[in-house]
Amino acid sequence: MNGAMYREILSANLLPSARALKMKCGWVFQHDNYPKHTARATKEWLRKKHFKVLEWPSQSPDLNPIENLWRELKVRVAKRKAKNITALEEICMEEWANIPTTVCGNLVKTYRKREENTPENYLLQGPFSRKPKRIRTAFSPSQLLRLEGAFEKNHYVVGTERKQLANSLCLTETQVKVWFQNRRTKHKRQKLEEECPESQQKRKSSQHINRWRVATCQNSPKDIDVTSDD
């Protein structure tokens, strides 16, 4: 099956199924991150049809109740031991119809438990959990102007001075602290770039010589052979 076939299936079955199930307006369509589902053409088709799609975490196909139903069907069909393709198709249809509706109900009821066992939640809550990334602060022009003025006076703002500055700008002390840390790093980089060309060239030459010594196992300038046959 490819993306075009998947969209044909949706076109023929999605709305009729919603009507048959007597679902009211506002229902949400769910499918996993299979490439045919997340293809640009499929997303565009769903958007044009105004279908609301549930966001789905990666590497979590077990959260979809249909995956559990496929396993249930596979176990039932395997017990029948079909001898050919025709028999296999008939057995699949029969066993699908024989799956009790209570199985579907139980899958819905245990959804929350399966969600808690996703890789994403394990990384966030498990023994090897990592701290969430810090959200970058978007400073306003007036805040930046005040911060730059404070930085020109003093590159380090701590204690009461930092607290007062944070309160006057409606920021937290942590936001002010991080801004000053980043600004000092930028200031050091700018000072290095402003060095005279001779100093930069001398530093680069020294770096090249050191790398050459390491590559040729030379230990000191005395070991460097600069003679030539020309």
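Me: In this predicted model, is Lys81 buried or exposed?
Reply: The model is a prediction in which local features need pLDDT of at least 70 and side-chain atom pairs count only at pLDDT 80 or more, while totals for chains, interfaces and linings use all residues. Residues are numbered from 1 along each chain as its sequence is written, and side-chain values use heavy atoms, with hydrogens and water left out. Buried means under 20% relative accessible area, exposed over 50%, and partly exposed in between, with a 1.4 Å probe and protein chains only. The relative accessible area of Lys81 is 67%, so Lys81 is exposed.

Me: Where does Lys81 lie?
Reply: Lys81 is not a glycine, yet its phi is positive, at about 50°. Helices (H or I, at least four residues) and strands (E, at least two) are DSSP runs numbered from the N terminus. In these terms, Lys81 is placed in the loop between α4 and α5.

Me: What is the relative accessibility of His50?
Reply: His50 also has a positive phi without being a glycine, at about 65°. This residue sits in the loop between α3 (40-48) and α4. His50 counts as exposed because its relative accessibility is 72%.

Me: How many helices does the secondary structure of the protein chain contain?
Reply: From the N terminus on, the elements run α-α-α-α-α-α-α-α-α-α-α-α. With 0 strands in the protein chain, the number of helices is 12.

Me: Are α4 and α5 parallel or oblique to each other?
Reply: Helix α4 (residues 65-80) packs against helix α5 (residues 85-98) with axes 9 Å apart and an angle of about 125°. Axes are lines fitted to C-alpha atoms, for helices over the stretch in contact, and angles run from 0 to 180 degrees between N-to-C directions. Angles under 35 degrees count as roughly parallel, over 145 as roughly antiparallel, 65 to 115 as roughly perpendicular and the rest as oblique. The two helices α4 and α5 are therefore oblique.

Me: How many residues of the contact of α4 with α5 are charged?
Reply: Contact means heavy atoms within 4.5 Å. By that criterion, Ile66, Leu69, Trp70, Leu73, Arg76, Val77 and Arg80 in α4 meet Leu88, Ile91, Cys92, Glu94, Glu95, Trp96 and Asn98 in α5. Ala, Val, Leu, Ile, Met, Phe, Trp, Tyr, Cys and Pro count as nonpolar, Asp, Glu, Lys and Arg as charged, and the others, Gly among them, as polar. Beside 9 nonpolar and 1 polar, the number of charged residues in the contact of α4 with α5 is 4.

Me: Which residues of α6 make the contact with α4?
Reply: The axes of α4 and helix α6 (residues 101-109) cross at roughly 140° and come within 10 Å, and the two helices are therefore oblique to each other. On the side of α4, the contact is made by Pro65, Asn68 and Leu69; on the side of α6, by Val103, Cys104 and Leu107.

Me: Is Arg183 buried or exposed?
Reply: Arg183 belongs to helix α11 (residues 173-193). Not counting residues up to four places away in sequence, Arg183 touches Glu148, Phe151 and Gln190. Its relative accessible area is 14%, so Arg183 is buried.

Me: Which element of the protein chain has the lowest mean pLDDT?
Reply: The pLDDT is the predictor's confidence in each residue, from 0 to 100. The protein chain averages 78, and 73% of the residues score at least 70. Over residues 122-128 the pLDDT stays under 50. Among the elements, the highest mean, 92, is that of α5, and the lowest, 50, is that of helix α8.
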